[in-house]
Amino acid sequence: MGDLIRIHNLSKQYRRFSTDHAWTLQESLLHGWRQWRQPARFYALRDVSCSVAPGEMLGVIGHNGAGKSTLLSLMGGLGRPDEGSIEMLGAVRGLLDLGAGFHPELTGRENAFVSGIVSGLTRRQVKQQFDAIVAFAELEDAIDQPLRTFSTGMATRLAFSIAVHTSPDILLVDEVLAVGDTAFQQKCLQRIADIRKAGCAIV
């Protein structure tokens with residue numbers, strides 16, 4: 001079987017903002033044309049190439065601002081590269097931002113169904129997996145409470161449990177396991193190992 005992730009010469013640029021720069025026509029007229037100039041740009045990623053096969057795990061390591069989250073966001077379809085290409089060949093599930101897509105006024109149950117359906121499952125498939133999702137997240141007593149009453153750790157457990165119970169071909173994880181107790185982190189790592197053995201590519 002071929003690679004599930006193919007990245008070739010990927011580059012992404014952003015504008016670097018300056019406080020003394022005139023950004024609009026009105027500001028330029030007020031402060032003079034001398035401040036009107038093209039904003040400086042910088043590369044968050046430049047000429048990145050890699051591939052990940054089924055069952056492989058790729059860890060991206062670097063200092064703050066090195067472009068790790070930018071890479072994962074582009075792989076998850078959040079934005080487009082300025083140069084190069086990304087091919088994600090399979091169902092992608094991401095844990096890139098705590099609680100992303102959750103609504104605080106919906107219950108844990110309702111958020112689980114919405115998140116599962118947005119991830120590409122049918123309502124019936126979510127229903128079939130629901131008990132396993134709740135049990136893994138250890139939220140049996142709180143699942144019907146509004147999400148705004150959940151602690152950060154509870155919301156994290158629910159988000160992770162949904163992601164790993166939706167049969168992903170590719171799983172993207174961005175430091176989300178830094179939150180939560182040691183026992184749950186170990187449980188998550190074991191689950192990641194299990195889905196990796198089943199052929200999931202993990203970054």
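The side chain of S161 reaches the backbone oxygen of I133 at 2.7 Å. This is a polar contact, meaning a pair of N or O atoms within 3.5 Å; within protein, one must be able to donate a hydrogen and the other to accept it, and residues adjacent in sequence count only if both atoms are side-chain atoms. The model is predicted: local features need pLDDT of at least 70, side-chain atom pairs count only at pLDDT 80 or more, and totals for chains, interfaces and linings use all residues. Residues are numbered from 1 along each chain as its sequence is written, and side-chain values use heavy atoms, with hydrogens and water left out.

S161 sits in helix 5 (residues 152–164). Helices (H or I, at least four residues) and strands (E, at least two) are DSSP runs, numbered from the N terminus. Is S161 buried or exposed? S161 is buried, because its relative accessible area is 0% and buried means under 20% (1.4 Å probe, protein chains only). S161 touches A132, I133, F136 and A137, not counting residues up to four places away in sequence. Contact means heavy atoms within 4.5 Å.

Helix 6 (residues 182–197) packs with helix 4 (residues 123–137). Helix 5 packs with helix 6 too. Axes are lines fitted to C-alpha atoms, for helices over the stretch in contact, and angles run from 0 to 180 degrees between N-to-C directions.

| Helix pair | Angle | Axes apart |
|---|---|---|
| Helix 4 and helix 6 | about 140° | 11 Å |
| Helix 5 and helix 6 | about 10° | 11 Å |

Helix 4 and helix 6 are therefore oblique to each other. Helix 5 and helix 6 are therefore roughly parallel. Angles under 35 degrees count as roughly parallel, over 145 as roughly antiparallel, 65 to 115 as roughly perpendicular and the rest as oblique.

A135, F136 and A137 in helix 4 meet F184, K187, C188 and R191 in helix 6. On the other pair, R157, F160 and V164 of helix 5 meet F184, C188, R191, I192 and I195 of helix 6.

Three strands form an open sheet in the order 2-1-3, with antiparallel pairing. Strand 2 (40–52) and strand 3 (83–88) are the edge strands, each pairing on one side only. Two strands pair if DSSP finds at least two bridges between them. Strand 1 (residues 5–16) and strand 3 pair over five bridges. In strand 3, M88 is the bridge partner of I5. Helix 2 (residues 68–75) lies across strand 1, strand 2 and strand 3, at about 120° to strand 1.

Conventions. Buried < 20%, exposed > 50% of the residue type's maximum accessible area, 1.4 Å probe, protein only.
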